[in-house]
Amino acid sequence: MIDEVAWSAIESELLSRDIPVAVLACKRLRAIASIEDQPRLLELLKHPNVFVREAAAWPLAELSGPHVIEQLFFAYQLGFDEGHDNDGFTAALLEIPALHSGTRSVLTDLIPRADGSIRDHATWLLEFCESA
């Protein structure tokens, strides 16, 4: 679990205007986050800054994957709604079927009950479960 001092530093650095500092913070978050950090990572998915949301997506995709897929899709769509290309977020989502064998069943359960863009994202990601 990330301690309070490290967490505060990472959050601050993710918002840095110095791009190398922000990128390093993203890499550090991904490297040291654990499953115990999931609640805080999920909160970061709601952050107004797209880079912060994307930084949280990577460890969530790796650690929790299909268990938080719906929350990831909501943050992903927010990026599109704001006009971002979401390339890094897309790459994080594509890791989920490769890392988590249960992804296919979670997506097939989600698709019939999801609406609009969330259903579309789930349908898209399901395509990658075939090759994973």
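Which residues does serine 64 touch, not counting residues up to four places away in sequence? Serine 64 touches Ile35, Gln38, Pro59 and His100, where contact means heavy atoms within 4.5 Å.

## Basis of the model

This is a predicted model, in which local features need pLDDT of at least 70 and side-chain atom pairs count only at pLDDT 80 or more, whereas totals for chains, interfaces and linings use all residues. Residues are numbered from 1 along each chain as its sequence is written, and side-chain values use heavy atoms, with hydrogens and water left out.

## Two buried loop residues

Serine 64 is found in the loop between H4 and H5, the helices (H or I, at least four residues) and strands (E, at least two) being DSSP runs numbered from the N terminus. At 2% relative accessibility, serine 64 counts as buried; buried means under 20% relative accessible area, exposed over 50%, and partly exposed in between, with a 1.4 Å probe and protein chains only.

Asparagine 86 is placed in the loop between H5 and H6, and with a relative accessibility of 2% this residue also counts as buried. The phi angle of asparagine 86 is near 60°, which is a positive value in a residue other than glycine.

## The nonpolar core

A nonpolar core is here a set of buried Ala, Val, Leu, Ile, Met, Phe, Trp, Tyr and Cys residues joined through side-chain atoms within 4.5 Å. The largest such core has 39 residues, of which Leu29, Leu72 and Phe73 touch the most other members. Two or more residues each are given to this core by helix H1 (4–14), helix H2 (19–32), helix H3 (38–44), helix H4 (50–63), helix H5 (69–81), helix H6 (87–99), helix H7 (103–110) and helix H8 (116–129). The largest share, seven residues, comes from H4.

Leucine 72 touches Leu45, Ala57, Leu60, Ala61, Gly65, Phe89, Leu93 and Ile96, when residues up to four places away in sequence are not counted.

H4 has 14 residues and reaches 20 Å from its first C-alpha to its last, close to the 20 Å expected at 1.5 Å a residue; the expected span is 1.5 Å times one less than the number of residues in the helix. In H4 the buried residues are Val52, Arg53, Ala55, Ala56, Ala57, Trp58, Pro59, Leu60 and Ala61, and the buried residues of this helix pack against H1, H2, H3, H5 and H6.

For H6, the 13 residues should span 18 Å at 1.5 Å a residue, and the 19 Å between its end C-alpha atoms agrees with this. Gly88, Phe89, Thr90, Ala92, Leu93, Ile96 and Pro97 are buried in H6, whose buried residues pack against H4, H5, H7 and H8.

The axes of H6 and H8 come within 8 Å and cross at roughly 50°, where axes are lines fitted to C-alpha atoms, for helices over the stretch in contact, and angles run from 0 to 180 degrees between N-to-C directions. H6 and H8 are therefore oblique to each other; angles under 35 degrees count as roughly parallel, over 145 as roughly antiparallel, 65 to 115 as roughly perpendicular and the rest as oblique. H6 passes H8 in a right-handed crossing, a crossing being left-handed if the near helix is turned anticlockwise from the far one by less than a right angle, and right-handed if clockwise. Thr90, Leu93, Leu94 and Pro97 of H6 make the contact with Trp124, Leu125, Phe128 and Cys129 of H8.

For H5 and H6, the axes come within 11 Å and cross at roughly 160°, which makes H5 roughly antiparallel to H6. H5 passes H6 in a left-handed crossing, and Ile69, Leu72, Phe73, Ala75 and Tyr76 in H5 meet Phe89, Thr90, Leu93 and Ile96 in H6.

## Residues with more accessible area

Leucine 78, in helix H5, is partly exposed with a relative accessible area of 32%.

Glutamate 127 lies in helix H8 and is exposed, with a relative accessible area of 53%. The C-alpha atoms of glutamate 127 and arginine 40, which are 87 residues apart along the chain, are separated by 30 Å.
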